[in-house]
Amino acid sequence: MKDVYLSIGTNMGERYENLQKAIALLREKVNIEVVRVSSVYETAAVGYTDQADFLNIAVHLKTDASSTEMLKICQSIEQELGRVREFRWGPRIIDLDILLYNHENIETENLIVPHPRMYERAFVLVPLVEITPTPFGGQLQQAHHLLQQMDCESEGISLWKPTNEPLTVN
């Protein structure tokens with residue numbers, strides 16, 4: 001089984017419910033085990049800023065799916081939940097990004113892992129570091145190191161729902 005880390009975000013509709021549905025759909029997959037889900041963080045939009053704030057989480061999975069299969073699973077969940085790609089960094093009902101895939105470096109036409117902008121974004125690093133308190137492998141160690149240098153308050157990230165209130169589907 002491979003370790004996979006996802007970032008999931010939403011800023012349209014019932015944001016918390018969107019996260020719950022995405023986790024539920026991941027749990028339904030035969031070849032995926034959801035190991036850990038971070039707290040929920042609210043963050044200001046990046047890139048195109050004239051939009052609602054996002055809710056973001058990180059998820060640790062174990063899977064026997066290839067990186068290409070994982071990308072297809074993420075895209076199918078986005079499609080099932082109604083994601084429409086109008087323009088880059090625009091509002092979205094759900095966004096699932098593969099951050100890390102089994103400590104591998106992957107570069108294909110459709111997928112780059114580690115995610116090319118993850119080390120620049122507190123809204124990705126804060127939840128990722130939360131679910132990896134003991135970093136293993138160079139990519140997670142780098143994430144921990146970079147987060148220590150960031151000012152999360154000025155990055156517009158705040159705790160919205162802590163992990164002691166688990167993200168579950170009602």
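The legends below describe close-up views of a predicted model.

**View 1. Helix α2 and its buried side.** Helix α2 comprises residues 67-80, and these 14 residues should span 20 Å at 1.5 Å a residue; the end C-alpha atoms are 20 Å apart, which agrees. The buried residues of α2 are S67, M70, L71, I73, C74, I77 and E78. They cover an arc of only 160° around the axis, so they lie on the same side of α2. The face turned away from this buried side carries the exposed residues K72, Q79 and E80. Among the elements that cover the buried residues of α2 are β1 (2-10), α1 (15-28), β2 (32-37) and β4 (54-63); β5 (95-101) and β6 (106-107) are also included in this cover. Just after α2, G82 adopts a positive phi of about 95°.

**View 2. The largest nonpolar core and the surroundings of M70.** In soluble globular proteins, nonpolar side chains tend to be buried together. The largest nonpolar core in this model has 31 residues, and those with the most contacts inside it are L6, I8, L26, V59, L61, M70 and I98. Two or more residues are given to this core by each of β1, α1, β2, β4, α2 and β5. Helix α1 gives the most, with 6 residues. When residues up to four places away in sequence are not counted, M70 touches V4, I32, L61, T63, A65, I98 and Y101. A second, separate core of 15 residues includes Y41, L99, L100 and L125.

**View 3. Strand β4 and its antiparallel partners.** In β4, 9 of the 10 residues are buried, so this strand is largely enclosed by the rest of the structure. Strands β1 and β4 run antiparallel and are joined by 9 bridges; within this pairing, D3 has K62 of β4 as its bridge partner. Strand β2 also runs antiparallel to β4, with 5 bridges between them, and V34 has L61 of β4 as its bridge partner. Strand β3 (residues 40-43) is joined to β4 by 3 bridges, again in an antiparallel arrangement. Here E42 stands opposite L55 in β4.

**View 4. The aromatic pair of Y16 and W160.** A pair of aromatic rings is described by the distance of the centres and the angle of the planes. The count for this model comes to 1 aromatic pair. The pair is formed by Y16 and W160 and is tilted, with 5.6 Å centre to centre and 40° between the planes. Y16 lies in helix α1 and W160 in strand β8 (residues 157-161), so the pair ties together parts that are 144 residues apart in sequence. Y16 has a relative accessible area of 18% and is buried, whereas W160, at 37%, is partly exposed.

**View 5. Backbone features in two loops.** Most residues other than glycine have a negative phi, and most peptide bonds are trans. In the loop between β5 and β6 lies N102, whose phi is positive, near 50°. N102 is partly exposed, with a relative accessible area of 25%. H103 is found in the loop between β5 and β6 and has a positive phi of about 60°, although it is not a glycine. At 35% relative accessibility, H103 is partly exposed. The peptide bond from V113 to P114 is cis, with omega near 0°. P114 is located in the loop between β7 (112-113) and α3 (122-130).

Definitions and conventions
Residues numbered from 1 in each chain as written. Predicted model: local features only at pLDDT ≥ 70, side-chain atom pairs only at ≥ 80, totals over all residues. Heavy atoms only, no water. Helix = DSSP H or I, 4+ residues; strand = E, 2+ residues; numbered from the N terminus. Expected span 1.5 Å × (residues − 1). Buried < 20%, exposed > 50% of the residue type's maximum accessible area, 1.4 Å probe, protein only. Arc of directions from axis to C-beta. Contact = heavy atoms within 4.5 Å. Phe/Tyr/Trp six-rings, centres within 6.5 Å; stacked < 30°, edge-to-face > 60°. Core = buried A, V, L, I, M, F, W, Y, C linked by side-chain atoms within 4.5 Å. Pairing = 2+ DSSP bridges.
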